[in-house]
Amino acid sequence: MKILVPVKRVVDYNVKIRVKSDQSGIELANVKMSMNPFCGIAVEEAVRLKEKGAATEIIAVSIGPQQAQETLRTALAMGADRAILVQTDEAVEPLAVAKMLKAIVDKETPQLVILGKQSIDGDNNQTGQMLAALLGWGQGTFASKVEKDGAGLKITREIDGGLETLDLKLPCVVTTDLRLNEPRYASLPNIMKAKQKPLATMSPADLGVDVTPRVVTLKVSEPPKRKAGIKVKDVTELVDKLKNEAKVI
Amino acid sequence: MATVLLIAEHDNAKLKPATLNAMTAAQKLGDADVLVAGQGCAAVAEEASKIAGVKKVLLADDAAYGHFLAENLAALVAKLGANYGYVLAPSTTTGKNMLPRAAALLDMQMLSDVSGIENANTFVRPFYAGNAFATVQSKDKIKVMTIRTTAFDPAAATGGGAAVENVASAGDTGLSGFVSQQLTKSERPELTAARVVVSGGRGMGSGENFKMIDALADKLDAAVGASRAAVDAGFVPNDYQVGQTGKVVAPDLYIAIGISGAIQHLAGMKDSKVIVAINKDPDAPIFQVADYGLVQDLFVALPELTKAV
């Protein structure tokens, strides 16, 4: 079984983001970028499936600027076999991303696509579901457990209030939640080896996908600032404030 | 013909409150029909028909929808939604699972987690875990959107008298099958829906000490959360994690105990109405967002607080 793992380069989760002063977007100059955490979990899961003998090849894909090559090298160092970069400097919307991934799936014919449930920049949580729709495949979103089960997959999903288990036919799309696994750190030898693994580059036009935005961002603003709070001297004062001032208990 | 199709969230027996919040958003956009898709869910359709302002309830009662499988639901929503200007669902795990699939079938670029409506095609939504808000204009013919329920007050559950109309099932795609469900049987409310959340951080020192958090949570009927540091240290399971890569919560009262306040954690809780922080380090960043800060050893303050509330 071949597995396709789409990964995204995003602002590192430890960075405190700043809104540009002209409100046109988020300041990205000189900001540390890394692989989206949910994508790291997706790569790890694919590698574990391969280590268990359930997968034969892992192809990592990223859609983004030239620097997304670094993200792909990380995936290769973790255990992906080869990588594809669809290079574009434009911000691409989830539907267009799903269309490009579909074009790659049509060409590479993987049985499984594993990707993060959302990226921590756009927070859209759409791409996996859209890709599954376009392919006419089943979807196991927000997965916290993936098991090979006969000819299909058994997926445990995180839902509001608990867990749900589904049977999915292959081919299918799985999106990862936090509990699925803890991604490994690539060892130095593997980082060196990853530099030798094949990385192909193409453009959205090569895939025949129209990436014209459907949604225009008019303004980006900071969330309302919290008013400065007070320090209380002890528990008694705290309880009094909560009861009589904030009236929340 | 109404302009908005709202997908009701329910468990085949009762309507979930998130539907009422989404209804308020729907009404800002025009007349709304409500789709109740499920199995043996006539009582839910009846309940939905009483929501103030609903034009019509569409009832799709079929085994294919019994477990709200995204593949089957999305096919129905795409089929029905093609006739509307807006297709809305609450931003719950069911809505987030199903609606992007329906949007792709309709070839529409969906908007996730809409928290504000400026006009017929302009909306506000949080991104970067709520650290920024984007005002966006959709050029698509059908606006497909999940609604952030904490951003809209619930519509009145009664006062309406809409007709219930049966709609044909779009069938079973056969792509996925339901196996089982394990809902947390906690006496405590769910983390993302709780009115009060008590969270512990690395300062708790051990998983055993989280029992002190549990005790306070029990008295306040609160959910229990944790910082990533506490999760990474193995004190509590991953699903306790509040933060950018965990759960985003906005309760009336958030009590952070032994949490320093890393950016990653603040992103997940700073929309809470009232924030209390207890930490022995007076310079902990958590105090910059706390309404009430108590600089004290948590092992002294926490039992005292539990006793006092």
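Student: Where is the place of B:Thr173 in chain B?
Tutor: The model is predicted, so local features need pLDDT of at least 70 and side-chain atom pairs pLDDT 80 or more, while totals for chains, interfaces and linings use all residues. Residues count from 1 along each chain as written, chains are lettered from A and ligands numbered from 1 in written order, and side-chain values use heavy atoms, without hydrogens or water. Helices (H or I, at least four residues) and strands (E, at least two) are DSSP runs numbered from the N terminus. B:Thr173 lies in the loop between β10 (163–166) and β11 (176–183) of chain B.

Student: Is B:Thr173 buried, exposed or partly exposed?
Tutor: Buried is under 20% relative accessible area, exposed over 50%, partly exposed in between (1.4 Å probe, protein chains only). B:Thr173 has 36% relative accessibility, so the class is partly exposed.

Student: Which residues is B:Thr173 in contact with, leaving aside neighbours within four places in sequence?
Tutor: Contact means heavy atoms within 4.5 Å. With those neighbours set aside, B:Thr173 touches B:Glu71 and B:Asn72.

Student: What separates the C-alpha atoms of B:Thr173 and B:Ala155?
Tutor: Along the chain, B:Thr173 and B:Ala155 are 18 residues apart. Their C-alpha atoms are separated by 34 Å.

Student: How many aromatic pairs does a search of the whole structure find, and what is the angle between the planes of B:Phe210 and B:Phe235?
Tutor: Phe, Tyr and Trp (six-membered ring) pair with centres within 6.5 Å; planes under 30 degrees apart are stacked, over 60 edge-to-face, the rest tilted. Over all chains the search finds two aromatic pairs. B:Phe210 and B:Phe235 form a tilted one, with 6.5 Å between centres and planes at 55 degrees.

Student: How many salt bridges cross the interface of chain B and chain A?
Tutor: The rule asks for a side-chain nitrogen of Lys or Arg within 4 Å of a carboxyl oxygen of Asp or Glu. B:Asp291 and A:Arg226 meet in a salt bridge at 2.7 Å, N to O. Across the interface the count is five.

Student: Which three residues supply 12% of the area that chain B buries against chain A?
Tutor: Buried area is the accessible area (1.4 Å probe) lost when two parts are put together, summed over both. The two chains bury about 6,800 Å² between them, 55% of it on carbon and sulfur atoms. Supplying more than any other three residues, the trio is B:Gln109, B:Tyr128 and B:Tyr292.

Student: Which ring does A:Lys231 lie over?
Tutor: The rule wants NZ of Lys or CZ of Arg within 6 Å of the ring centre and within 35 degrees of the ring normal. A:Lys231 is 4.7 Å from the centre of the ring it covers, that of B:Phe287.

Student: What separates B:Asp232 and B:Arg228 in helix α6 of chain B?
Tutor: B:Asp232 and B:Arg228 form a salt bridge, with the closest N and O atoms 3.4 Å apart. B:Asp232 is exposed at 53%, and B:Arg228 is partly exposed at 23%. They are four residues apart in the helix, so their separation is about one helical turn.
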